[in-house]
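Hi! Here are my notes on the model you sent over. Have it open while you read, and go through the points in order.

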Amino acid sequence: MSTSFEIEAHCGAARAGRMTTLHGVVETPVFMPVGTLASIKGVSQDILEELGVQILLGNTYHLYLRPGVEQVRQLGGLHRFMAWPRAILTDSGGFQVFSLNELRRVTEEGVTFRSHLDGSSHFFSPESAMQAQIGLGADIMMAFDECTEHPADRERTRQSMELTLRWAQRSRRYFEQHKHEVPWATDYVGTTNQLGPDVPVWAGERALAGGVEGKTAELRSAGQVRTPAPTYSGAAQALFGIVQGGMDPALRKESAERTSEIGFPGYAVGGLSVGEPRSLTREIVEATLQHLPVDKPRYLMGVGTPEEIVAYASLGVDMMDCVLPTRAARHGLLFTSEGKISIKQARFAGDHGPLDANCGCRVCRRYSRAYLRHLYACNEVLAQVLNTVHNLSFYLDTMRAVRHSIALGNKAQFPSGEQTRAKP
Ligand SMILES: [Zn+2]
């Protein structure tokens with residue numbers, strides 16, 4: 001069993017779908033919160049479940065440096081390590097290598113780079129990036145690519161695109177030969193027992209065990225039955241390809257077609273949001289999507305604001321991720337149905353209203369703007385927690401509303417970008 005994808009409804013170019021992974025169903029279009037170091041900063045896993053997060057992201061580069069892939073593998077993989085029973089996607093590490101390392105050296109073989117932590121030297125190749133992601137054991141992993149810098153001339157962009165295509169082939173070859181090494185393949189239930197009854201029954205465990213076995217698995221995960229864990233023969237991760245081609249629509253088309261020829265169960269659009277104007281991002285996304293297989297999930301990496309995720313979903317993007325809601329929250333920037341606000345402003349000091357009267361999240365139901373402003377002004381840890389919970393909730397609600405509108409076939413009902421325009 002690997003990841004499967006079904007489209008349930010269309011509305012214009014937009015699609016509502018269901019991706020079924022070993023760790024549960026992901027309804028698309030979906031916004032995926034970023035949990036760089038196996039943690040969504042400030043928010044515990046039980047709250048993420050309550051918010052309805054169905055899939056989150058881990059960063060291979062960061063996890064490779066700390067705590068190390070072998071460590072995570074020995075602890076049963078990322079799901080068990082971070083006690084997250086739902087789906088996970090890991091990136092290939094390529095983007096961080098390119099964005100955090102001025103001193104990297106790229107060859108045909110791979111990339112030599114220095115750790116941003118201690119300056120030590122490391123090497124990623126398509127093979128080692130696949131090995132790392134198999135060890136982490138996310139449901140969806142990404143091919144190793146070169147994120148082309150911006151601006152770049154046509155010759156340089158083509159060269160970089162060709163390198164990414166060769167690396168995609170090597171990524172796929174290594175993955176096919178080694179996918180059975182994923183940590184869920186053995187002893188999946190044992191550690192669940194050790195974690196105790198607060199950890200929900202693993203969705204994949206239920207799906208795979210089924211029937212009487214399923215009941216046994218449930219009891220087992222509640223610590224009531226202790227029997228040897230089953231092995232999941234044939235269970236595998238899904239490896240997605242990445243389209244590059246810079247800001248050149250013709251190269252994007254070629255990259256999309258040739259990446260599709262290699263054959264992946266899903267495709268990402270990479271190399272965007274690298275400093276280009278937003279109108280160009282949109283143009284390139286449109287130019288790329290039309291050349292990708294219609295029946296496979298499409299993932300736009302690293303976007304965006306609430307209005308952007310709505311716009312991209314309407315173009316037919318199924319998956320998106322961005323650090324914006326979580327990072328902005330830690331800086332006191334909150335997205336609301338009436339626009340973006342900075343909670344640090346003095347005008348909120350006496351404001352006893354909720355952060356967003358139209359938001360039903362646990363923060364808006366309980367706390368006043370005055371209190372949130374006070375927490376932020378005093379640099380209380382709770383400010384980061386509550387702000388992040390609200391912003392994530394706002395993003396997830398926005399995506400749910402988009403999905404609902406697609407299901408109804410009503411594009412006019414897409415949440416308006418207006419709502420997220422900054423207040424004067
Ligand atoms: Zn809220």
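1. Ground rules. This is a predicted model: local features need pLDDT of at least 70, side-chain atom pairs count only at pLDDT 80 or more, and totals for chains, interfaces and linings use all residues. Residues are numbered from 1 along each chain as its sequence is written, and side-chain values use heavy atoms, with hydrogens and water left out.

2. The whole chain. You'll find 17 helices and 16 strands in the protein chain. Both are DSSP runs numbered from the N terminus: helices are H or I with at least four residues, strands are E with at least two. Of the 424 residues, 54% are buried; that means under 20% relative accessible area, while exposed is over 50% and partly exposed lies in between (1.4 Å probe, protein chains only). Now take contacts (heavy atoms within 4.5 Å): among those between residues at least 6 apart in sequence, 68% join residues at least 24 apart.

3. Helices α12 and α13. Have a look at α12 (residues 278–289) and α13 (residues 306–315): their axes come within 10 Å and cross at roughly 25°. Axes here are lines fitted to C-alpha atoms, for helices over the stretch in contact, and angles run from 0 to 180 degrees between N-to-C directions. α12 and α13 are therefore roughly parallel to each other (under 35 degrees; over 145 is roughly antiparallel, 65 to 115 roughly perpendicular, the rest oblique). The α12 side of the contact is R278, T281, R282, V285, E286 and L289, and the α13 side is E308, A311, Y312 and L315. By class, that gives five nonpolar, one polar and four charged residues. Nonpolar covers Ala, Val, Leu, Ile, Met, Phe, Trp, Tyr, Cys and Pro; charged covers Asp, Glu, Lys and Arg; the others, Gly among them, are polar.

4. Helices α13 and α17. The axes of α13 and α17 also come within 10 Å, crossing at roughly 25°, so α13 and α17 are roughly parallel to each other. Which residues make the contact? From α13 they are P306, I309, V310 and A313, and from α17 they are F394, Y395, T398, M399 and V402. This contact of α13 with α17 has eight nonpolar residues, one polar and no charged. As background, an α-helix has 3.6 residues a turn, so residues three or four places apart point the same way.

5. Helix α16. In α16 (residues 369–377), R369, A370, L372 and L375 are buried. They pack against β16 (339–342), α15 (362–366) and α17 (381–408). After α16 comes N379, with a positive phi near 60°.

6. T60. This residue sits in helix α2 (residues 60–65). Is T60 buried or exposed? It counts as buried because its relative accessibility is 0%. The T60 side chain reaches the backbone oxygen of D91 at 2.5 Å. Beyond its neighbours within four places in sequence, T60 contacts T90, D91, S92, G93, A132, Q133 and L136.

7. G241. Finally, find G241 in strand β11 (residues 238–243). G241 counts as buried because its relative accessibility is 0%. Setting aside neighbours within four places in sequence, G241 touches M142, A143, T259, F264, G266, Y267 and A268. R172 is 69 residues from G241 along the chain, yet their C-alpha atoms are separated by 8.6 Å.

Note on methods. A polar contact is a pair of N or O atoms within 3.5 Å; within protein, one must be able to donate a hydrogen and the other to accept it, and residues adjacent in sequence count only if both atoms are side-chain atoms.
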